[in-house]
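Biologist: I'm new to this one. Can you put it on screen and walk me through it?

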Amino acid sequence: MASLLLASLLAAAPAGALVTTVGPTTAGVQSRSTLPGISPIVGHPLDPEEFSNPSGNPIVSVNKTYAIYWDPTDHYHGDWQTVIDGFFHNMGAVSGSYASVFAVDAQYTDKANQRALFKSAFKGAYTDTDPYPASGCNDPHPLEGQDLIGASIGKNAEGESEYEPVCLTDQQIRQELETFISQHSLRKGMETIFYILTPPGVTICLDGGGTTGHCSDFVGTVSEMEKAEVARVTAEHNKEPYIESEDYKSYKDSFCSYHSDINPTNLATGDEDTILYGVVPWTAGGLGDGHLTPNDQATPAYDCQDGGYDPSAKPAGKHEAAPDQQEPNQVKCPSQDGSCDTGLADLLVNQIASEQEDIVTNPLLDAWQDPYGNEATDECRNWFAPVIGGASAAQEGSDAGTLYNQVYGEGSYYLNSAFNLAAYKLPFPAVPCISGIRLEPLFTAPTTVNANELVGFDGMESDITLNVGTAYTSNGHPQPSYTTYSWNFGDGTPVVTGQAPGAPSDNSPNV
């Protein structure tokens with residue numbers, strides 16, 4: 001019987017975005033306000049059909065990751081670190097697996113025809129105990145008094161301690177990162193990704209902050225801002241004017257996480273001195289965290305992980321019948337510290353996963369993106385299907401569900417789906433947001449075969465997720481590359497190849 005071997009577009013192929021600069025810059029270093037690089041709370045215009053890398057700018061083929069918790073006051077709970085570090089470890093341990101959202105990124109290439117392969121190695125976690133510098137920005141919405149972790153500025157009239165909020169700029173993050181890398185002799189370069197994580201009470205802004213700043217929190221409550229967003233969308237749909245309030249503008253301009261680079265030599269390809277980094281501030285809210293005041297405990301964060309929508313539970317509306325925060329690593333409440341907050345780390349894990357995809361496909365903020373600057377995860381923001389386990393019902397103590405859509409080793413995770421550009425290039429199978437790759441060759445053999453009869457083997461029965469990608473010519477021009485089928489009849493005759501529909505050559509070879 002003939003056998004079918006399927007070579008996906010992951011096989012080696014033949015040999016412009018809108019960017020706004022904010023805040024202070026140094027040579028080779030920029031913070032981009034809108035996109036790319038920012039995981040926003042409110043989405044921006046999308047143009048997925050034009051998602052491209054026309055100049056073939058660099059991607060990251062293989063990578064090593066470090067987690068750095070900048071936490072001099074020990075407010076990043078150990079159980080959170082256990083969940084996050086476990087994710088980094090498991091992500092590295094299953095590298096190369098098709099059953100991973102990161103495997104989808106391998107369709108993205110650069111002009112050297114390198115692919116953003118799912119090959120990641122976790123090199124370890126560090127706690128940075130350097131004290132925070134004086135705030136370089138104005139926190140739009142600091143936590144309440146007893147929750148703050150900044151320097152004490154005395155006592156109020158009731159004798160209670162008052163604290164100065166900690167608000168860090170991207171420039172301060174970069175300075176600390178460069179110092180920490182030097183102190184610990186860590187290796188830089190285009191194959192290393194550093195993640196900076198900060199605890200609750202530390203806000204990060206890309207500028208001076210305040211109500212008009214680009215910050216990791218915003219003025220007002222989530223419920224108020226959600227109502228404002230609904231009003232804006234409704235007005236846009238009805239072609240009516242909508243006047244933004246200052247609170248809504250603060251919400252719209254806030255972000256969940258971001259990535260950038262430090263490239264001192266300004267080389268277009270980066271070099272051994274380039275630092276690729278992702279910043280993941282605490283944007284997980286405070287549900288179930290008994291260490292916070294009641295007001296701060298009541299703060300959800302589904303805007304940064306809006307994946308709990310269950311059509312069967314609430315066919316009309318959102319945020320009503322099922323929780324939107326999903327925490328598959330939540331422990332039985334209460335946990336050892338008396339709270340029910342371990343699962344909040346799952347929301348940070350999702351941000352790390354999103355930044356990982358965006359960094360490997362757009363490391364220097366000039367590679368794969370659409371004309372609006374949206375990156376790979378922006379095209380599928382808050383899309384988590386298909387779910388493979390857990391429950392959407394709110395758990396007592398955390399008010400969160402336990403859904404998950406990825407399993408790495410013994411770890412279960414709820415990660416944003418990946419953008420499949422191939423779905424916009426060919427109509428088979430045309431699924432734009434997917435959580436892994438399927439390469440399952442299949443065909444139905446003819447019932448009876450006699451000598452000298454002509455028979456057909458239709459490989460299009462195969463379950464193929466990716467079937468077209470981009471390769472670059474020797475002159476650096478992008479061109480399509482296609483999935484190839486290889487037929488081996490097992491009788492010593494030559495292997496015969498064909499291509500999927502849409503390829504310029506015949507896809508049904510004469511055999």
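Modeller: One term to start: two strands pair if DSSP finds at least two bridges between them. Strands here are DSSP runs of E, at least two residues long, and helices are runs of H or I, at least four, both numbered from the N terminus. The model is predicted, so local features need pLDDT of at least 70 and side-chain atom pairs pLDDT 80 or more, while totals for chains, interfaces and linings use all residues. Residues are numbered from 1 along each chain as its sequence is written, and side-chain values use heavy atoms, with hydrogens and water left out.

Biologist: How many bridges join β3 to β4?

Modeller: There are 7, and the two strands run parallel. Strand β3 covers residues 63–70. W70 stands opposite D128 in β4.

Biologist: What is the strand order in that open sheet?

Modeller: The order is β2-β10-β11-β8-β3-β4, 6 strands with mixed pairing. β2 (38–40) and β4 (120–128) stand at the edges. Each has a single partner strand, so one side of each lacks a neighbour in the sheet.

Biologist: Which strands does α6 touch?

Modeller: α6 packs on the sheet and touches β2, β3, β4, β8, β10 and β11. Its direction makes about 150° with that of β8. Angles run from 0 to 180 degrees between N-to-C directions, with axes fitted to C-alpha atoms, for helices over the stretch in contact.

Biologist: New topic. Which residues touch the most other members of the largest nonpolar core?

Modeller: I84, F87, F102, L197 and L415, out of 65 residues. Such a core is a set of buried Ala, Val, Leu, Ile, Met, Phe, Trp, Tyr and Cys residues joined through side-chain atoms within 4.5 Å. Buried means under 20% relative accessible area, exposed over 50%, partly exposed in between (1.4 Å probe, protein chains only). Helix α6 (residues 344–361) gives the most to this core, with 9 residues.

Biologist: And what is F87 in contact with?

Modeller: Leaving aside neighbours within four places in sequence, F87 is in contact (heavy atoms within 4.5 Å) with F102, V349, I352, A353, Y408, Y413 and L415.

Biologist: How many salt bridges?

Modeller: The count is 6, taking a side-chain nitrogen of Lys or Arg within 4 Å of a carboxyl oxygen of Asp or Glu. One joins D273 to K188, with the closest N and O atoms 3.8 Å apart. That pair links distant parts of the chain, 85 residues apart.

Biologist: Is D273 buried or partly exposed?

Modeller: D273 is partly exposed, at 31% relative accessible area.
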